[in-house]
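Hi,

Here is the structure I promised to pass on. Have a look at it first, and then read my notes below.

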Amino acid sequence: MAVVKARGSDIDLLARLLRAEGEGEGIQGMLMVGNVGINRIRANCSDFIGLRTIPDMVYQPHAFEAVIHGYFYQRARESERRLARRAINGERIWPAKYSLWYFRPEGDCPATWYNQPLVARYKLHCFYEPTGEECENVYKTF
C-alpha cells in the first residue's frame, strides 16, 4: 500500500530521479534515493515543510542537482519504476531509513550536513538524518 499518493506520471518522475541521482550506486543506492525523497514528503519538517507530492519533492528548488542535467529527462525504465514503487510503498533501508539528506563528497563524509548528524556512508554517498528535536515526524511516518 502506498505511503504517498502516486499516479503513473509520479512513478515515472521518481524513477527518473532514482536513475539520475543514484544509478552509479546500484539498486540499493537508487532505492535509498527514493527513501530520502519519500521521507521528505512524509516528514513535513525542516527544509521540507509543505511538500505533499512527488513533483513537489523532485522539483523543490536546489533539492536535487540531477534535475538540471539532460540525463534526468530521459524516459523512465521499468527497472527504475519497480524501485520507485518499492519506495512509494514504504520500503526503507538503512542508512536512508530516516534520512532527509544525502550527498557525494570528494573525500570523507562530514560529521554533519545541514546541521544534521551523519548516519553512514553507502558507496560514494553520505546519508544524514535529522534529530528527533528537529524532525520528530520522520520517525513516526511508517
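Let's start in the sheet: W101 stands opposite Y128 in strand 4 (residues 125-128). Before I go on, a word on where this comes from: it is a predicted model, so I kept local features only at pLDDT of at least 70 and side-chain atom pairs only at pLDDT 80 or more, while totals for chains, interfaces and linings use all residues. Residues are numbered from 1 along each chain as its sequence is written, and side-chain values use heavy atoms, with hydrogens and water left out.

**The sheet**

Helices and strands here are DSSP runs numbered from the N terminus (helices are H or I with at least four residues, strands are E with at least two). Two strands count as paired if DSSP finds at least two bridges between them. On that basis, 4 strands make an open sheet in the order 1-4-3-2, with antiparallel pairing. Strand 1 and strand 2 are the edge strands, each pairing on one side only.

Strand 1 (101-103) runs antiparallel to strand 4, with 3 bridges. Strands 3 and 4 form a hairpin with 2 residues between them, and K123 in the turn has a positive phi of about 50 degrees.

Which way do the side chains of strand 4 point? H125 and F127 go one way, C126 and Y128 go the other, and all are buried. Buried means under 20% relative accessible area, exposed means over 50%, and partly exposed is in between (1.4 Å probe, protein chains only).

**Aromatic rings**

A pair of aromatic rings is described by the distance of the centres and the angle of the planes. I paired rings of Phe, Tyr and Trp (its six-membered ring) if their centres lie within 6.5 Å; planes under 30 degrees apart are stacked, over 60 edge-to-face, and the rest tilted. That rule gives 11 aromatic pairs. In one of them, the rings of F48 and W101 have centres 5.6 Å apart and planes at 55 degrees, so this pair is tilted. The pair joins distant parts of the chain, with F48 in the loop between helix 2 (26-43) and helix 3 (54-58) and W101 in strand 1, 53 residues apart. Both F48 and W101 are buried.

F103 and W113 make a stacked pair, at 3.7 Å centre to centre and 10 degrees between the planes. This one links F103 in strand 1 with W113 in strand 2 (residues 112-113), 10 residues apart. F103 is buried, with a relative accessible area of 17%, whereas W113 is partly exposed at 27%. One aromatic cluster takes in F48, W101, F103, W113, Y114 and Y128.

The charged end of R16 is over the ring of F72, 4.5 Å from its centre. R19 lies over the face of Y71, at 5.2 Å from the ring centre.

I searched a 1 Å grid over the protein atoms alone: a cavity is a set of points where a 1.4 Å probe fits but cannot get out, a pocket is an open set with protein on both sides within 12 Å along at least five of seven lines, and lining residues have an atom within 4 Å of a point. Points are joined across faces, edges and corners, and a volume is the space filled by probe spheres set on the points.

The largest pocket has a volume of about 530 Å³. Its lining has 22 residues, with E21, A63, F64, E65 and Y102 nearest the centre. Strand 1 gives the largest share of that lining, 3 residues.

There is 1 cavity of 30 Å³ or more in the whole structure, and the largest cavity has a volume of about 40 Å³. E21, E25, G29, V33, Y102, Y122, H125 and F127 line it. Helix 2 and strand 4 are the elements that give two or more residues to this lining.

Over to you!

Note on methods. A charge sits over a ring if NZ of Lys or CZ of Arg is within 6 Å of the ring centre and within 35 degrees of the ring normal.
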